[in-house]
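Subject: Structure handover

Hi,

Here is the structure I promised to pass on. Please open it alongside this note, and my findings follow below.

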Amino acid sequence: MGRNWQSRSYSITALREEAQKILPRPVFDFTDGGAEDEWTLRHNESDFDKVSLLPRPLDGPGMASTATTLFGHKLSMPVIIGPTGLAGLMWPEGEACAARAAAKAGVAYCLSHGSVCRLEDLPAPAGSHRWMQVFMYRDRGFTRELSERAAASGYNALVLTTDNQTLGNRERDIRNGFTIPPKFKARDVLAMTTKLPWLLRMRQELPKITFGNYVRAGEAIDIGSLAKRMSELLDPALSWRDVEWLRSIWKGPLLLKGVLHPSEAQRAVETGIDAVIVSNHGGRQLDGAATSISALPAIADTVAGRIPILLDGGIRRGTDVIKAIALGAACCLVARPQLWGLAVAGEDGVAHMLEILRKDIQRGMTLLGAAQVDKLTRDLVQRGMPA
Ligand SMILES: Cc1cc2nc3c(=O)[nH]c(=O)nc-3n(C[C@H](O)[C@H](O)[C@H](O)COP(=O)(O)O)c2cc1C
C-alpha cells in the first residue's frame with residue numbers, strides 16, 4: 001500500500017498487472033487476448049526465451065547509444081508504438097495521449113484505422129513521426145480516401161495490414177460478451193468496485209466512443225453499426241495487385257504489416273515496398289501462425305538488407321528488442337504495452353512504458369558490448385536453446 005503506480009509498474013509485466021486491476025474484465029481481455037487457443041499469443045513471448053545473448057563486453061562500449069534512424073528520421077531508440085484500435089477506450093483521448101508520449105520520447109507512433117479519434121485530429125507535435133495504418137477494403141475508393149486523408153494530414157508513412165482481411169476468432173471476447181461500446185449490467189458494475197476510477201474517468205467518453213475514421217461527415221451512426229460496416233468492408237481477396245495499386249498512389253514510405261513467409265518478403269521488395277513488419281497481429285488472427293521472432297531469421301536472409309525489417313509480437317523487455325535486432329530487425333513495434341500504459345495513467349503511463357524499454361535497451365546493449373544499434377549483430381545471439 002502507499003506505493004505509487006510508477007513504482008508498482010517497474011516492468012511491462014508489472015504494468016500489465018496494474019492495467020488488469022484497473023480495466024473491467026471484458027475491456028482488459030480485449031487488450032490482452034488472442035485467437036482461439038492463444039497458442040501464437042503465448043509463444044510470441046516465450047519464443048524469445050529460445051534466443052540467448054552472447055556478451056562481448058571487452059569491446060569497451062561505454063554506455064550504449066540506443067539512437068537509430070528509419071526512413072531518414074531519427075528515433076531515440078528502435079521502438080515504434082504499433083497500431084491498436086480503440087485506444088480511446090483505455091483513457092479519454094487515448095490516441096492523442098499515446099502520440100504525444102511517443103513524440104516526447106522521440107519514437108514513431110502508428111495510428112490504427114480503428115482509432116476512436118479521426119486521423120485528422122491526432123496531434124502532430126513538432127518533430128513527431130506519425131504513421132497511418134489502413135486495410136484494403138472491398139470499396140478500394142475508401143482505402144484511397146484514407147490514404148489521401150493521411151497524406152493531407154502530414155502522416156509520414158502508410159502501413160497496410162494484410163493479416164486481418166477476415167476477423168480472427170477471439171474467444172475471450174465471445175465468453176465475456178464484449179460489445180462495442182462495452183455494455184455492463186448493473187450486476188457487473190457492482191462486482192467491480194475496483195474498476196470505479198476507470199468507469200468515472202470514462203463515463204462521459206463511453207457514449208462518444210466511435211471509429212472516427214469511418215464516420216461520414218454529418219452522419220449520425222452508432223458504433224455497433226459502424227463496426228459491422230467496417231468488417232463487411234474488409235476484402236479477403238486482397239492480392240499483390242492491390243499492393244501494387246496502393247504503391248502507385250501513396251508516395252511516402254509504404255509498409256506491409258503481417259509478413260511471416262519469406263516469399264512474401266521477397267515479393268514486397270520487388271513491389272517497391274519500403275519495409276515489412278514481421279507480425280501475426282499479436283496472435284489475434286490466425287492461431288497457430290508462426291511466432292514473429294521465429295519467422296524473422298528466414299525473412300532477414302531473404303531480404304538481405306535491401307529494405308528494413310520491423311517486427312512486433314511479444315516485445316515485453318528491452319532484451320527482446322535487442323534479440324530481434326541481432327536477428328535482422330531494424331526496429332520493433334509495441335502494441336499491448338501501450339494500451340496498458342494508457343489504462344494505468346494516460347500519457348504518463350505510455351511515457352513510463354517507453355522509458356522502461358529505453359533503459360532496458362540501453363542497459364542490455366551496454367552489458368552485451370554493443371555501443372550502437374548497428375553493432376547488434378547475429379553473432380551476439382545463440383538460437384535454438386530449450387525454453
Ligand atoms: C487491442 C488491440 C487492437 C489492435 N488493433 C490493430 C489494428 O487496428 N490494426 C493493426 O494493424 N493491428 C492491430 N493490432 C495488432 C498490433 O498492432 C500488433 O501487431 C500486435 O498486438 C503485436 O504486438 P504486441 O505483442 O506488442 O501486442 C491490435 C492489437 C491489440 C492488442
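A word on handedness before anything else: a crossing is called left-handed if the near helix is turned anticlockwise from the far one by less than a right angle, and right-handed if clockwise. This is a predicted model, where local features need pLDDT of at least 70 and side-chain atom pairs count only at pLDDT 80 or more, while totals for chains, interfaces and linings use all residues. Residues are numbered from 1 along each chain as its sequence is written.

With that in hand, α14 passes α15 in a right-handed crossing. Helices (H or I, at least four residues) and strands (E, at least two) are DSSP runs numbered from the N terminus. α14 covers residues 318–326, and its axis lies 7 Å from that of α15 at an angle of about 55 degrees. Axes here are lines fitted to C-alpha atoms, for helices over the stretch in contact, and angles run from 0 to 180 degrees between N-to-C directions. α14 and α15 are therefore oblique to each other; angles under 35 degrees count as roughly parallel, over 145 as roughly antiparallel, 65 to 115 as roughly perpendicular and the rest as oblique. On the α14 side the contact uses Gly318, Thr319, Val321 and Ile322, which meet α15 residues including Leu357, Asp360 and Ile361 (contact means C-beta atoms, placed from the backbone, within 7 Å). By class, this contact has six nonpolar, three polar and two charged residues (Ala, Val, Leu, Ile, Met, Phe, Trp, Tyr, Cys and Pro count as nonpolar, Asp, Glu, Lys and Arg as charged, and the others, Gly among them, as polar).

α15 has another partner to look at. The axes of α5 (residues 94–105) and α15 come within 8 Å and cross at roughly 15 degrees, which makes α5 roughly parallel to α15. Here the crossing is left-handed. Among the residues that meet are Cys97, Ala101 and Lys104 of α5 and Leu342, Glu347 and Val350 of α15. The contact of α5 with α15 has eight nonpolar, three polar and three charged residues.

Now to the ligand. Which residues come nearest to the ligand? Of the 25 around it, these are Ser112, Thr161, Gly282, Ala335 and Arg336 (a residue is near if its C-beta atom, placed from the backbone, lies within 6 Å). The elements that give two or more residues to this shell are α3 (25–32) and α15 (336–368). The shell has six nonpolar, 15 polar and four charged residues.

As for the whole chain, there are 15 helices and 12 strands. The C-alpha atoms fill a box of roughly 60 × 55 × 45 Å along the principal axes.

Happy browsing!

Note on methods
Contact = placed C-beta atoms within 7 Å.
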